[in-house]
Amino acid sequence: MTATSASHPKTPVKLTQSPTWQALKNERTAWKKLHLRDLFARDKKRSARYSLELDDPDETFLLDYSKNLIRPQTLKLLVKLAKEAKVEALRNAMFSGEKINLTENRAVLHTALRGEAPVKVDGHDVIPEVRAVLEQIRVFADRVRPGKWKGSSGQPITDGVNIGLGGAVLGPAMACIALKPYGGNIRVHFVSNVDPSQLVDTLEDLDPATTLFIVASKTFTTQETLLNAQAARTWLLEAAKDEKQIAKHFVAVSTNSEAVNALGIDTDNMFVFWDCVCGRYSLWSAIGLPIALYIGMDAFEELLAGGRDMDTHFKDAPLDQNMPVLMALIGLWYTNFWDAQAYAVLPYEQRLARFPAYLQQLDMESSGKSVTRDGRTVSCATGPVLFGEPGTNGQHAFYQLIHQGTSLIPCDFIAGRESHNDLIGQHGSQHAVLLSNFLAQTEALMRGKILAEAQAELAAEGKTTAQIKALAPHKVFPGNRPTNSILYRKLTPRTLGRLIALYEHKVFVQGALWNVNSYDQWGVELGKQLAKVILPELQGGKPGAHDSSTLGLIRRIRD
């Protein structure tokens, strides 16, 4: 699947010099006299005014963005900025298969992986190829899951080990944890670190006779992945003895059939994915093979359908009623006009524990750029630091900084109305306790607590005047701390698909606004290049021309 050059819209080089940008600076100044608690008090319909829901009452997918530092003037300017940045035209170019990844001369086709309508690249519709690979995955999963695929000893497979790197692991691992209630009889494990401890610890309790390895590498030349794959091969052969058995225990997700065959993997069991899909956007492709093995192909198709739901919304909804667009614009508002250098994603859903880590790559590898699409230095901040933990764990860790610290840290709170595993205890539903914290935190961040309220609370506790004077300042919360609330019915494959695609499109819009290429990642290359130089030096070769720190550390390690 390749692409030829196509015309595409270019963002103005200096969007930051537009009158709209200057007006947003003035709008920021106006907010020095505004507080969210006052805006909510004056506008009883603020929540309804600033909420969006996908038109699907059975699944419920709601974005409440009312607890943000926005008013009608703010949104009007932000949407105008999106139009000036030609977000709609660039969005249409992406969906139509145009080559918007300029530095790698590629189209961007992750939406085609879950699409149904034709997408033509070089005049060729890619959707039949996509469906063919999905059918190959279905056939494979339908053999392994019921035990029809036998290992070297004739026993069915019980465990799958996915060996990859970056997006080839982060996405599938996150999804498998999130969708555990839909898991079947195949356990899945993930190995990505070249640190041998991860592979050793993963294999420690597995049986070679019932273990299947999925080696995911587009080129099959990635050093870390191949080292782990070769070590896994050695581990298997210690039990199986015969190299012909490799084909029963290894499959590949790759485009390099020659290298796949050299490892002993039957190329009939090679699943193709394409250059036009970045690793961090690839779980919808054959990279999602571990997900299909774990939850079954029908549920995997539901995951794709959820992504497709959000694609349709993103394509069709007006900018001022568009979830990904509004989240992107509000995020830019904080990054570029409030000097927010980080933001938190806080799922009140334990099975989304790895979702913030997944989003770290999606967001920071996409937006962590300082050069525009046409090679110039950016004129504003891009790519805030993303972090997060599931609630309520995070409340007892870093929420203190968010509530009372000196930095503005916008937050996305995520929760499901229903749980797969509610427990009823002495104080009622544990899930209700979780949701009460979900709601309380966003309200507390919005309202804050003024000095008079802190003093009244301490007086009610019977504190003396001196104690109140000493303690009250420590109990003041400034409030006006912005949050989004994302609420869904239950964490299903379709819901997860919607959630992932929501953030994919948010990142896309911000890339368009900042005029950066969201689909390359040259920043990860330099370290890899230098590691190849240093490795032989660590193994006894003559140290080369390095700085004194690196040379000193090399000597320490060798000694």
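Me: Is Cys176 buried or exposed?
Reply: In this predicted model, Cys176 counts as buried, because its relative accessibility is 4%.

Me: And Cys278, buried or exposed?
Reply: Cys278 counts as buried too, since its relative accessibility comes to 11%.

Me: How many disulfides does the structure hold?
Reply: The structure holds zero disulfides. For Cys278, the closest cysteine sulfur belongs to Cys276 and lies 9.3 Å away, which is too far for a bond.

Me: OK, switching to the inside. Which residues have the most contacts in the largest nonpolar core?
Reply: They are Trp333, Phe355, Leu496 and Tyr503, in a core that has 131 residues. Helix H20 gives the most to this core, with 12 residues. As a general background, nonpolar side chains tend to be buried together in soluble globular proteins.

Me: What is Trp333 in contact with, leaving aside its neighbours within four places in sequence?
Reply: With those neighbours set aside, Trp333 is in contact with Leu24, Glu27, Arg28, Trp31, Leu69, Ile70, Thr74, Leu78 and Trp338.

Me: How many cavities of 30 Å³ or more turn up?
Reply: A search of the whole structure finds six of them, and the largest cavity has a volume of about 150 Å³. This cavity is lined by 18 residues, of which Gly331, Tyr334, Tyr343, Pro410 and Lys506 are the closest to its centre.

Me: What about pockets, how much space lies in the largest one?
Reply: About 1,100 Å³ of space lies in the largest pocket. Of the 35 residues that line this pocket, Leu165, Thr222, Gln521, Glu525 and Lys528 are the closest to its centre. The elements giving two or more residues to its lining are the helices H7 (167-178), H9 (223-240), H15 (355-367) and H21 (525-538), and the largest share, six residues, comes from H21.

Me: How does the lining of the largest pocket split by class?
Reply: The lining of the largest pocket has 11 nonpolar, 14 polar and 10 charged residues.

Me: And the second largest pocket, which residues lie nearest its centre?
Reply: Those are Gln350, Ser419, Asn421, His431 and Leu434, out of 16 residues that line the second largest pocket. About 420 Å³ of space lies in this pocket, and helix H17 (residues 430-447) gives the most to its lining, with five residues.

Me: Last topic, the backbone: where is there a cis peptide bond?
Reply: A cis peptide bond joins Gly391 and Thr392, with an omega of about 15 degrees. Thr392 lies in the loop between strand E11 (385-387) and helix H16 (399-404). In general, most peptide bonds are trans, and most residues other than glycine have a negative phi.

Me: What is the phi of Lys86, then?
Reply: Lys86 has a positive phi of about 60 degrees although it is not a glycine, and its place is in the loop between helix H4 (72-84) and helix H5 (87-95). Lys86 is partly exposed, because its relative accessible area is 40%. Asp122 has a positive phi as well, near 60 degrees, and lies in the loop between strand E3 (120-121) and strand E4 (124-125).

Notes
Residues are numbered from 1 along each chain as its sequence is written. This is a predicted model: local features need pLDDT of at least 70, side-chain atom pairs count only at pLDDT 80 or more; totals for chains, interfaces and linings use all residues. Side-chain values use heavy atoms; hydrogens and water are left out. On a 1 Å grid over the protein atoms alone, a cavity is a set of points where a 1.4 Å probe fits but cannot get out, and a pocket is an open set with protein on both sides within 12 Å along at least five of seven lines; lining residues have an atom within 4 Å of a point. Grid points are joined across faces, edges and corners, and a volume is the space filled by probe spheres set on the points. A nonpolar core is a set of buried Ala, Val, Leu, Ile, Met, Phe, Trp, Tyr and Cys residues joined through side-chain atoms within 4.5 Å. Buried means under 20% relative accessible area, exposed over 50%, partly exposed in between (1.4 Å probe, protein chains only). Helices (H or I, at least four residues) and strands (E, at least two) are DSSP runs, numbered from the N terminus. Contact means heavy atoms within 4.5 Å. A disulfide is a pair of cysteine sulfur atoms within 2.5 Å. Ala, Val, Leu, Ile, Met, Phe, Trp, Tyr, Cys and Pro count as nonpolar, Asp, Glu, Lys and Arg as charged, and the others, Gly among them, as polar.
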